[in-house]
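User: I would like to work through this model with you. Could we take it one region at a time?

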Amino acid sequence: MKLKELISCLACEIDEQHGEIEIKGISTNSKETLPNELFVAIQGYQTDGHQYIDNAIAAGAIAVVGEKKLDHVTVPYFQIENGRSALAQLACTFYNHPSKRKTMIGITGTNGKTTTSYMLKHILESTGNKCALFGTVQNEINGKVCNSANTTPCPLQLNKQLNASRDEYILMEVSSHGIAQHRVTGVEFDYCLFTNLDHDHLDFHKTIDDYFSVKARLFDQMKPTGRAIINRGDRYGEILANRLLNNNSTFYSMGDKPHHDLHLTSIQTRKGTFALQKNSIHTLQLQIDGKHNILNAALAFLTASKIGIPPQEIIQALESFSGVPGRFEKITHPKGTTIVVDYAHTADAFNYCLETAKEEGANRIFHVFGFRGNRDTTKRKDMIQNSKSNSDVQILTFDDLNDLSQEEMKEALEQVNDGCLIIPDRTLAIQKAIDEADANDWVFITGKGAEMYQQDFELPTSSDIDTVNFLVEQ
C-alpha cells in the first residue's frame, strides 16, 4: 500500500514524493520490524516506543508515526495525538477494513462473555455456518486453534487475522481493557452483546461508572444496520438500553419483564423457560449447571434468533452444548464429591456458582479462591463475604502473583482473611479441600478456570483442572 493511502486515515499531511513510498507492513516492536514497514511508536505502560525509533529505522522502517514532536527522525515522521488509536486505524486501513466484510459479533460484560461466545459458536456451526472466535480461552480462525494472549487481541493481529479468515461469522469477547486501549477501534460490529456488569477492574477504571462507560463505547461501533442484544435484567443493562434508545439505536433485550423481547419466565439450575416476541414459549434443558448459564444461553438464543436461525434449531443446538473448558467444569471424585473448576472472580459470579451447589443438594460446600496481585483490591471484601454466605469452608490461596512477592501476597491474604483458612500453595489448598470433603459435598475452585499457573507449586501440575485430575487419580 502506498504511504499516502495508508496515512490518509490519520489526516496527516504528506508531500507527493513520500506519498508514493510502498509500505509492506506495520510494526510496533523494533526487534520485529522488517524492511519497508511503517513503525508506530507507542508510549507504553512499561516502555516508550519512541526510544526505539532509530532501531526500527536501522531494521528497515521507512516511515514512522509517533506521539512526540521529534526533529531528528531520518525518515518521514508523522506526529499524532494517540498512538494506540492511530495504530488501530492504520491496521484497519492496511488490511482494507476486514470487519466490514464479515458478520461481526462482539460480546462485552463482566461475566459470561466466554460461555456466551462458545454457545453462539456452537449454535452457528450446528446450523452449517463457519465461525472464527477471539476470546479468553483461545482463538480459532479457519478451523485452526491457537493460544490467546489477551481476551481482545492487539489491533495489528486482530485485523491481520480478520483479513485471513474465511469464516462468515466472527465472535469476539471484547474486554474493557481492549476498548480503553483502542484494540477494537475502527472495527465495526453487526451485533453487540451486553451480559452484565459487576465490581471488577477498578484498579484500571477507578469507578464502576467509568468501567461501564468504557463497556458502553462498544455499542458506538455498530454498523448502520447493527443491532444490540442486552441483558436488561442487569442494572447497567437497563442503563445501556435507555442510552441506546436515546441514540435511536436498534436493540433487543432479555429479562424478567413481559415487555422484554425475550421474557424469562422461569430460571432453574439447568432449565429455563422463556417467551420470544411475546407469542411463543420455549423450554431449554442444558447439559451444564448454573442459573448464570441459563442467562448466557438466553442471550445466545436471542442473538441467534435475530440472525435468523429458527428457534427450535437454536434450542436443539443449546441442549447439545457440553460446556467450555474451565467454566463450571465438573469432575466427580470416586468417593462421591463433586468438584467444580470455574473462572468466577467477582462477588456476583461467586453467588451464581455456590447457589447452584445448594440447589443441587450439596451437603457441605468448600470454596478455594484467591486474588490477583496488583489488581482490583476493592472487590476482595465482597468476594469473601459472598463466599462465606454461600459456602461452609473457605480456603484463601494464591492466584497469579503478577509483580507481588509471595510474602506480599501472604500479607494481603491475611489482611482480608476474616476467618478463612489460608494455604498459599494453590495445589495444596485444592488438595486440602478435596481431602476434607465427603460424598455429597461440593468443592469449588475459582478464579483461574482453564488458565495455566504462572508459578510453581508443590504438586507437579500446571492448572486447576490438572491438579484436580492428579488428585482424583491417586
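**Strands, helices and cores**

User: To begin, in what sense do S3 and strand S4 (residues 77-79) pair?

Analyst: S3 and S4 pair in the parallel sense, over 3 bridges. Helices (H or I, at least four residues) and strands (E, at least two) are DSSP runs, numbered from the N terminus, and two strands pair if DSSP finds at least two bridges between them. Within this pairing, valine 65 stands opposite phenylalanine 78 in S4.

User: What kind of model is this, and which cut-offs apply?

Analyst: This is a predicted model, in which local features need pLDDT of at least 70 and side-chain atom pairs count only at pLDDT 80 or more, while totals for chains, interfaces and linings use all residues. Residues are numbered from 1 along each chain as its sequence is written, and side-chain values use heavy atoms, with hydrogens and water left out.

User: Which way do the residues of strand S3 (residues 63-66) point?

Analyst: Ala63 and Val65 point one way, Val64 and Gly66 point the other way, and all are buried. Buried means under 20% relative accessible area, exposed over 50%, and partly exposed in between (1.4 Å probe, protein chains only). In a regular strand the side chains alternate between the two faces of the sheet.

User: And how many bridges join S3 to strand S2 (residues 37-40)?

Analyst: S2 and S3 pair over 3 bridges in the parallel sense, with leucine 38 opposite alanine 63. The chain passes from S2 through helix H3 (residues 53-59) to S3 in a right-handed β-α-β crossover. A crossover is right-handed if, with the strands pointing away from the viewer, the path from the first strand over the helix to the second runs clockwise.

User: What is the strand order of that sheet?

Analyst: The order is S1-S2-S3-S4, in an open sheet of 4 strands with parallel pairing. Strand S1 (25-27) and S4 are at the edges with a single partner strand each, so one side of each is left without a neighbour in the sheet. Neighbouring strands are turned by 20° against each other on average, direction ignored. Helix H4 (residues 83-94) packs on the sheet and touches S1, S2 and S3, and its direction makes about 160° with that of S1. Contact means heavy atoms within 4.5 Å; axes are lines fitted to C-alpha atoms, for helices over the stretch in contact, and angles run from 0 to 180 degrees between N-to-C directions.

User: Changing topic, what is the order in the open sheet of 6 strands?

Analyst: That sheet has the order S16-S17-S21-S18-S19-S20, with mixed pairing. Strand S16 (329-332) and strand S20 (421-422) are its edge strands, each pairing on one side only. Strand S18 (residues 365-371) and strand S19 (residues 393-398) pair in the parallel sense over 6 bridges, and phenylalanine 369 has leucine 396 in S19 as its bridge partner.

User: Which strands does helix H14 touch?

Analyst: Helix H14 (residues 380-390) packs on the sheet and touches S18 and S19, its direction making about 170° with that of S18. Helix H17 (residues 464-472) also packs on the sheet, touching S16, strand S17 (338-342) and strand S21 (442-446), and its direction makes about 10° with that of S16.

User: How do S16 and S17 pair, parallel or antiparallel?

Analyst: They pair in the antiparallel sense over 4 bridges. Their hairpin has 5 residues between the strands, and glycine 336 there takes a positive phi near 100°.

User: Is arginine 426 buried or exposed?

Analyst: Arginine 426 counts as buried because its relative accessible area is 0%. This residue is found in helix H16 (residues 426-436). Its side chain makes a polar contact with the side chain of aspartate 464 (2.9 Å). A polar contact is a pair of N or O atoms within 3.5 Å; within protein, one must be able to donate a hydrogen and the other to accept it, and residues adjacent in sequence count only if both atoms are side-chain atoms.

User: Finally, which residues of the largest nonpolar core touch the most other members?

Analyst: Of its 44 residues, these are Ile430, Val443, Phe444, Ile445 and Val468. A nonpolar core is a set of buried Ala, Val, Leu, Ile, Met, Phe, Trp, Tyr and Cys residues joined through side-chain atoms within 4.5 Å. Leaving aside neighbours within four places in sequence, isoleucine 430 has contacts including Val368, Ile445 and Leu471. A second, separate core of 40 residues includes Leu124, Tyr191, Leu264 and Leu295.
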